[in-house]
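Please open the model in your viewer and keep the selection panel at hand. The stops below go from one to the next, each with something to select and a note on what is there.

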Amino acid sequence: MSTATKELTKQEAFLTYLLRLADDRLILGQRNSEWCGHGPQLEEDLAIANISLDLIGHATALYEYAAEVEDEGHDEDHFAYFRDDREFTNLQLCELPKGDFGFTIARQFLFSAFSYFQYERLKEAQDEQFTGMVNKHLKEIKYHLRHSREWVLRLGDGTEESHNRIQESFDELWMYTDELFYMDEVDEWMIKEGLGVDSSEFKDEWKKLVEDTLTEATLTVPDWDQFMMSGSRKGIHTEHLGHMLAQMQFLRRSYPDAEWK
Amino acid sequence: MENQEKLDEFQARIDAGEKIEPKDWMPERYRQQLIRMMSQHAHSEIVGMLPEGNWIERAPSLKRKLVLLAKVQDEAGHGLYLYSATETLGIDRSELVDQYLYGNAKYSSIFNYPTMTYADICAIGWLVDGAAIVNQTMLARSSYGPYSRANVRICKEESFHKKQGYEMLAKMASGTPEQQKMAQDAVNRWWWPSLMMFGPHDSDSPNSAELIKWQVKLKTNDELRQHFVDRMVMEAEAIDVTLPDPDLTYNEETGHWDFGEIPWDEFWNVVKGNGIMNRDRMKARRSAHENGEWVREAAVEYARKKKLREEKAS
Amino acid sequence: MSDTNNKDNWPLWEVFTQPKSGKPHEHAGSLHAADEEMALQNARDTYARRNEGVSIWVVESKHITASTPEDMGPFFDPANDKPYRHPQFYSVPRAVKKRS
């Protein structure tokens, strides 16, 4: 981990970069998996489980690569099961409780839209192993974006109830969106090395996609200038993350010497 | 009209091994029996998501989490195939769902048992999916075309379900002392319920003879159960777990394994709704359905508005 | 309480998937969806979870017209006595046969 006093190495920066990407996906995938067996319609149960499988799959691949970069003999499970909430660097956006179906969709849309622009640029990274992964995952991200966007339209421009519900979800989620574009010395390193992307480059594109979609869905775009949360990338989280990790990690940590793969 | 001639003709088609398709003539009783049996099968797949879904969030490795989530998702798919097949008999899915959420339709009692430890997930994969495969392999040759095809697809997808459970159970059974204890405990609890999955003895199964006559089923409950026991004895031995039945003995004469008396009182008790998890399962399914109503309505309303807009534009 | 509300019922669709490019689309099964786009997405999630296809068609079930069992005779039997429609009806020199 980087500190103000210690110079960040390229290896540390790349590891942190990969973990941030992976943590977002694991935590959101874990949240979405709570829908399995409880979806609003059988067909949609399958769809959310698919998105969840993709996200956890992406996280697994990223953790595997992180373990290689770290080179301390860890495996992917080490990062998922043996770190505490202060070490998780996922966005607060991803850890918030699943809420109703509208909340889940609104969050997925905001996140997938960001991932889409981010991965479109990560394709150009100067690392074949990394871009191999990125290209593969990008195809699935495009589908997540399409699926969640279509649902935003349906809920926004559906019944009065659905309109109000998803509007409320967007209002609630708004203050967690600025963090999507958070950048620090880790990103600077990665951009310099041709491994990372400058998210400020596509902020306007992302905003436009979000605004156009909400407008088409007859929804009101919340105020961009409101107070925005921060701190995720430095391990500052809502209380929800701790409970999620307690549940996710308990078995593995109770019997750390056992084989569970 | 169901005159004898038509019934005979129908029976002759069945006996010749022909498949019956949705628009073909069929006795009303055949249709009703299929609706009952197929929808029960579908409900079971859906309720069956809950006991296993209980461990998705707590799965002990990322690999096992992905495997379990994919498996439970498949069950939703299987429920969907089976509902679709049932709908070819002229009944809407919403009506079928209504019958089990708010009416008397049944689902397999096995899903009213709790999954207390992660080893239960492995035992379910091995025993419960093992039993389901025995049953579904037979149903893949059922006389009703859509039901047979749905089961072909299900069998193809389900082969990994049993394997993943058996593989992990084997790992636990040869793992740390705590894992071994968990694995054996899970087998102890799931063995008898899995035998009950094949239903009552043939002598107590009023529907069996008729279903076999119409080749909806090709084997009796007891035949399938015996087939399952023979196989499981062998598989239990291979991974060093003990099946909790002191009466299990190989019968030289029949070439099969004899087993002890199944606790039928418990079976009927769970069927009547008194299993540990009966009430929770129904509550969970009803609340998913009721909480989803506004979502389903929104999609219908959006489709209506969109159509109107398109009509106006053209 | 029973769910008698029909405002939340999605119509039934038939799904056809093309297993490989160049192959014909085959009936994969059915599902429920409120409109075309969702039918297509649901078909992808339900019938192509294991890379079963490269292309999907969906059509609302009510738009399919099917022949009835009574049509079976008049529709299909007459072809039985038209062997000239089948390649086996024609003889080809041996040398040519071998090459094809």
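This is a predicted model: local features need pLDDT of at least 70, side-chain atom pairs count only at pLDDT 80 or more; totals for chains, interfaces and linings use all residues.

His78(B) itself lies in helix 4 of chain B, residues 62-87, and is buried, with a relative accessible area of 0%.

Next, show both chains together: 50 residues of chain A are in contact with 47 residues of chain B, and the two chains bury about 4,200 Å² between them, 68% of it on carbon and sulfur atoms. On the side of chain A, select Leu42(A), Leu53(A) and Trp260(A), which lose the most area to chain B and together make up 15% of what that side buries.

Then turn to the polar links across this interface, where there are three salt bridges and 18 residue pairs in polar contact, counting pairs with both residues at pLDDT 80 or more. For a salt bridge to look at, select Asp157(A) and Arg309(B), whose closest N and O atoms are 3.3 Å apart. Colouring helix 2 of chain A will show the largest share of the side that touches chain B, namely twelve residues, while that side as a whole divides into 21 nonpolar, 15 polar and 14 charged residues.

Finally, select the cysteines: the count of disulfides over all chains is zero. Cys94(A) has its nearest cysteine sulfur, that of Cys36(A), 19 Å away, and Cys94(A) is buried at 0% relative accessible area. The sulfur of Cys122(B) is 17 Å from the closest cysteine sulfur, in Cys36(A), and therefore too far for a bond.

Note on methods: Residues are numbered from 1 along each chain as its sequence is written. Chains are lettered from A and ligands numbered from 1 in the order in which they are written. Side-chain values use heavy atoms; hydrogens and water are left out. Helices (H or I, at least four residues) and strands (E, at least two) are DSSP runs, numbered from the N terminus. Buried means under 20% relative accessible area, exposed over 50%, partly exposed in between (1.4 Å probe, protein chains only). A disulfide is a pair of cysteine sulfur atoms within 2.5 Å. Contact means heavy atoms within 4.5 Å. Buried area is the accessible area (1.4 Å probe) that two parts lose on being put together, summed over both. A salt bridge is a side-chain nitrogen of Lys or Arg within 4 Å of a carboxyl oxygen of Asp or Glu. A polar contact is a pair of N or O atoms within 3.5 Å; within protein, one must be able to donate a hydrogen and the other to accept it, and residues adjacent in sequence count only if both atoms are side-chain atoms. Ala, Val, Leu, Ile, Met, Phe, Trp, Tyr, Cys and Pro count as nonpolar, Asp, Glu, Lys and Arg as charged, and the others, Gly among them, as polar.
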